[in-house]
Each structure stands twice: as C-alpha cells, then as structure tokens.
Amino acid sequence: MIVVSVIVYLLIFIVIFAAAFALNKLQAKGGFIKALFFSYAGLLIISSVVYFVLPLEQAEKAAIKSDGPSLYHYFETGQTDKIDPAFIKKQWDFTYEGKELQLIDNHNNLPMTYVEKSAEENLLEITYYEKPTYIDGYNISAYTEGPNITLSADSLMIADYWNEEHAIFKPEFPFRQFSDIRLMPDEWGHGEDIIHIRISEDIQLQYEEWQNIYLMGE
Amino acid sequence: MSFAELGKAVRKQFFYKFKLFFGLFYSLIITQAIAIVFSFNGTGSISSGQIGQIHFYSADIVLVFTFGWAFISALQLTTKPFRDNEYLFVFNRLSSHLSNLLFLLALSFIGGLSAYLSGYLLKVAVYMFFDFQLIGTNDITSPAVVVAGIITIVLYIWMFASLGYMVGSLVQFQKVFAILIPSIIIGCLILVALSESEAIIRIGKFYFFESSFLLVFIKTTATVCLCFLISAVSTNHLEVRK
C-alpha cells in the first residue's frame with residue numbers, strides 16, 4: 001500500500017510539476033527548483049482541500065460510562081439471565097447429535113469461555129457477550145467483530161477474530177500541547193467479552209487444560 | 001552606519017539571500033517527502049484482542065525531520081561557500097546577522113507551513129490508499145488552537161535553525177567546535193535512546209510539553225535571541241569575509 005500511495009502521489013506531483021514548468025517557462029536550475037517548490041506547495045494545498053471534502057466516516061464520540069456489574073460476576077454467580085441483551089454481540093445455534101465434541105481454538109486473544117450444561121437434547125448454543133469498548137473518546141463497539149465459530153464433524157472451532165487494521169488521525173504535537181488530545185490514548189476502555197456455551201449434558205466436551213474454559217456450577 | 005541605513009541593508013540582504021538560497025527548499029521537499037513515507041507506518045500504534053491493530057497518524061515525523069532540515073540549513077549559511085555568496089552585499093557583521101535571522105524566520109515559516117499541510121497529505125493518502133477502517137480524525141476545532149499551533153511550529157523550526165546558526169558560528173570561531181558539538185549531540189542522542197539522561201528529557205519537556213502559548217513564545221524567542229547573541233559575539237572578531 002505504501003508503494004501504491006507513493007506512486008499515485010508521484011504521478012500527481014509529476015503532472016503538477018510538468019504544468020508549472022511549462023507555464024512558467026522556467027530556466028535552468030533555478031527554474032527547476034521553483035517549479036518543484038510550487039508543485040509541492042500545490043500538492044499540499046490540494047491535499048488539504050481534499051481532506052476537508054472527503055466523507056471521513058468516524059466512530060461515535062462517547063465518553064467511557066459505567067455499564068453495570070462485570071460480566072464475570074453474572075457467570076460466577078450463575079445469573080446469566082440478568083445480563084443486558086444489548087451486550088449480546090453474536091449468537092450461534094447448532095444441532096449436535098454426537099456424544100463427544102472437541103473444542104479447538106487458536107489461542108490468540110480469545111476471551112474466557114464459560115460452559116453451561118443443559119438437560120436439553122442435542123443442544124449446542126453459543127452466545128458471545130461484549131461490553132462497549134471506548135478509545136480516545138470514541139465508542140468503537142461497532143468496529144469489533146467477535147469470534148468466528150464453526151462446527152465441523154466432531155469439533156467446534158473458535159477462530160481468531162481480528163485481522164482488521166484501524167486508523168486514528170491525530171493533530172501534530174504542537175497542536176496537541178494546547179489541547180486535551182494525546183498521541184496515545186489516555187482513556188482506553190476495554191469492553192469485557194465472554195463466550196457462553198450451552199451444551200447438552202450428555203455431550204462430552206473435550207479441551208486442553210491451557211484453554212480459557214470454565215465449567216459453570218462446578 | 002545609521003539605523004535607517006542598517007534597515008535598508010538588512011532588507012536588501014534578506015531579499016538577496018532569499019533569491020540566492022532558494023535551493024534550500026529543494027532539500028526541504030526531499031526531507032519532508034522522506035518523512036511522509038516514514039509516517040505511513042503510523043506515529044504510534046496499539047493492539048487489542050477485540051479490535052486488532054490501531055495506528056495513530058500525524059505529521060510528527062515530518063516536523064522532526066523539518067527541525068533537522070532547519071538546523072542543517074542554518075549551519076550551511078555559516079559555511080564558506082554560502083558566506084562567499086553574500087560577500088557583495090554585506091555592509092557589516094551586524095547587518096549580516098540580522099538578515100540571516102530574518103531569512104531563517106522566513107525559511108521556518110515556509111518549512112512550518114509545509115510541515116503542517118503535509119499532515120493532510122499523509123492523512124488523505126492513508127484514507128485513500130490504505131485498507132484501514134478510520135475510527136476518528138480528532139480534528140482541532142478551535143481556531144485559536146490552530147493559529148497557536150501553526151505559530152508554535154514556526155517558532156520551533158526557527159529555534160532549531162538558530163541553534164544550527166549558532167553551532168556554525170562557533171565552528172567559525174574555533175575549529176575545535178566542529179568535533180566537540182557533533183560529539184555532544186551524538187552523546188545526547190545516545191543518552192536519550194538509553195533513557196539515562198533526566199536533564200535532556202527535562203529540556204525536551206521544557207520546550208515541547210508547555211501548554212501555555214505565551215510561555216512557548218517566550219521560551220523559543222528567548223532561545224533564538226540567545227543563539228544569535230552567541231553567534232554575533234563569537235564571529236565579532238572575524239572580518240566580513242574571512
């Protein structure tokens with residue numbers, strides 16, 4: 001991408017430069033530098049105008065706010081029914097008829113997983129809860145995706161769920177020193193997230209000890 | 001020489017130097033272009049399990065490179081080839097220093113304004129050519145902060161230019177400074193990199209963490225005046241063309 005942007009800017013610059021050079025009929029070395037200088041100035045001015053014209057979509061501005069007890073509290077006390085449904089980010093409903101289920105994850109930044117046994121037959125219901133995440137005064141909950149969970153044969157795969165890259169523009173440091181804006185965010189409100197698996201009690205769940213998995217009620 | 005004559009001489013030299021040393025902008029463009037490419041990777045970044053990598057973009061690197069450009073350009077002004085170029089127009093040492101002071105201010109103004117605008121160039125490039133989701137722009141909405149910020153950029157560049165000018169003048173005064181000053185600068189950079197010099201960090205904070213525009217103005221202009229005073233004193237014994 002760096003190469004593409006450099007090439008595009010180089011092309012724009014060459015066009016402006018050629019125009020400036022032709023228009024001014026500049027001479028020798030002095031003329032070259034003048035043309036270069038005014039082309040660069042032109043490019044900077046055009047970029048500034050484009051910046052203010054571009055439809056820059058941004059996250060919603062919001063201050064960090066308290067949103068009730070920790071999600072862990074509900075799971076530790078078995079009060080999952082009291083969790084605000086607004087915190088449900090993703091849900092999966094599978095019908096699983098096997099007797100053993102292997103839980104696989106790629107153990108990369110996956111949240112804590114609580115497993116709840118149920119008397120219902122062939123049940124495999126998964127809910128991903130996530131509280132709002134704030135950064136730099138923006139509510140970025142809409143930018144988080146949650147894990148990708150797939151069922152295949154006798155295994156449940158919880159895949160790493162982030163590969164997006166994001167950008168936050170900042171003013172330069174002489175502007176920041178006269179405002180409240182900092183380069184690295186002071187406010188970084190991580191929203192808690194938990195995976196809740198409800199599974200029939202006759203299905204034997206298999207997983208490794210290092211996996212962040214807790215059996216509820218045990 | 002009367003005050004009016006001095007003013008006329010300074011003005012004449014200023015415009016002459018502006019014309020003569022226009023080539024310095026060539027190096028400014030190259031410097032800022034390289035800094036913009038370096039900035040494509042972001043000035044900072046954080047990562048989180050839920051959202052992934054977040055890059056922060058600003059033209060801070062361009063500003064730092066421009067400070068370096070101002071320092072080197074001002075230092076160049078004191079070197080023999082550049083001094084020889086101004087030979088025809090120099091009335092006395094004072095008029096030369098004053099015209100250099102103004103010339104460096106003009107360079108700083110152009111360098112500062114282009115560094116500021118390069119921030120938009122960088123952000124437009126990131127938005128249009130990079131596959132990033134934009135979270136926020138953090139645009140400064142207060143006109144007072146925008147004006148104060150632009151003036152501060154110019155003042156910082158002028159300060160670095162004055163430092164370069166002072167270093168060049170000191171080298172003219174005693175050649176030993178040609179070895180001593182780079183050694184001190186490199187030593188300081190190593191100490192900063194090793195985070196072992198509280199004094200250097202305090203000097204940095206003194207200038208760059210000041211939240212009062214008035215104090216920034218006083219600190220930078222006082223430094224500029226001090227640098228030019230040292231330059232004037234150190235080159236006082238020299239003839240106009242050595």
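Student: How many helices and strands does chain B have?

Tutor: Helices (H or I, at least four residues) and strands (E, at least two) are DSSP runs, numbered from the N terminus. Chain B has nine helices and three strands, and their order along the sequence is α-α-β-β-α-α-α-β-α-α-α-α. This is a predicted model, where local features need pLDDT of at least 70 and side-chain atom pairs count only at pLDDT 80 or more, while totals for chains, interfaces and linings use all residues. Residues are numbered from 1 along each chain as its sequence is written, with chains lettered from A and ligands numbered from 1 in the order in which they are written.

Student: What share of chain B is buried?

Tutor: A residue is buried if 20 or more other C-beta atoms, placed from the backbone, lie within 10 Å of its own. Of the 242 residues in chain B, 41% are buried.

Student: And how many residues of chain A are in contact with chain B?

Tutor: Contact means that the C-beta atoms of two residues, placed from the backbone, lie within 7 Å. Here 56 residues of chain A are in contact with 58 of chain B. On chain A's side, H2(A) gives the most, with 13 residues.

Student: Which strands pair between the chains?

Tutor: Two strands pair if DSSP finds at least two bridges between them. E10(A) and strand E3 (residues 133–136) of chain B pair in the parallel sense, over three bridges. For example, A:His166 has B:Gln133 in E3(B) as its bridge partner.

Terms used: A residue is buried if 20 or more other C-beta atoms lie within 10 Å of its own, exposed if 12 or fewer, and partly exposed in between; C-beta atoms are placed from the backbone.
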